[in-house]
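Below is a short report on packing.

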Amino acid sequence: VPVMTGLIVQVGIQQPVDIWHRGVDRALFSPNRRDPAWRASLGIAPDEPVLLFVGRLVREKGLDAILAAADALAARGVRHRVVVVGDGPERESLRQALPLARFTGFLTGEALARAYASADMFFNPSVTEAFGNVTLEAMASGLPTVCVDATGSHTLVHHGETGYLVPPGNLDAAVDRLAALAGDLALRHRMGDAGRRASALYDWDTLLDGVLRSYRDVIAGWPPLTT
């Protein structure tokens, strides 16, 4: 947030400046929605780590990195299952390249929340996110996150606490982090719990209280009305 505020001031907008964030419905996106039966319906074993991607299936979302990471994890002998939630023009080509992955198509509401909570780790390789709503939804769902260190993810993920930030283009770093999470249930739980707690800062009630405070501050600074 300080970095974002500084950039706003640099382009000529004078302080005071308040940042109004997007939020997340923490009642909808919750670890409590984990569903072993849903996992089983996709042919996923109870102890098989699920690597989740959620987003539009277009190239700018970093789909090549998902494919490369899955191949690298398999080459290292890391047990995992890729689950892709979303739709788009690259769906069929990605399906062909990842024959063992599971594709759910576009999901919303409780179906989407169930998919998040039923995974074990979240991978966001995109460098074009303005905010990263999917990353915040994953955190609220109790998932550790591995994201490219770029706008959006950078402001949400606490590196080494709620997940990991990896340099853009550094596939080995991403695979190292994903492999560490896949092989360590306690680490996944610890980071997932931390992500869930961190998501409370973006609860809609909390954010809207801030918006109201901003309006009140502006109103308080106006000259009194004259009759």
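Buried means under 20% relative accessible area, exposed over 50%, and partly exposed in between (1.4 Å probe, protein chains only). Helices (H or I, at least four residues) and strands (E, at least two) are DSSP runs, numbered from the N terminus. The model is predicted: local features need pLDDT of at least 70, side-chain atom pairs count only at pLDDT 80 or more, and totals for chains, interfaces and linings use all residues. Residues are numbered from 1 along each chain as its sequence is written, and side-chain values use heavy atoms, without hydrogens and water.

Strand 6 is covered on both faces. Gly163 and Leu165 are buried on one side, Tyr164 and Val166 on the other. Strand 6 pairs with strand 5 (residues 145-148) in the parallel sense, over four bridges; pairing takes at least two DSSP bridges. Val146 stands opposite Tyr164.

Aromatic rings come next. Rings of Phe, Tyr and Trp (its six-membered ring) pair if their centres lie within 6.5 Å; planes under 30 degrees apart are stacked, over 60 edge-to-face, the rest tilted. The count is two pairs.

| Pair | Centres | Planes | Class |
|---|---|---|---|
| Phe29 and Tyr116 | 5.6 Å | 80° | edge-to-face |
| Tyr116 and Phe122 | 6.2 Å | 45° | tilted |

Phe29, Tyr116 and Phe122 form one aromatic cluster. Phe29 and Tyr116 are both buried. Phe122 is buried too, at 0% relative accessibility.
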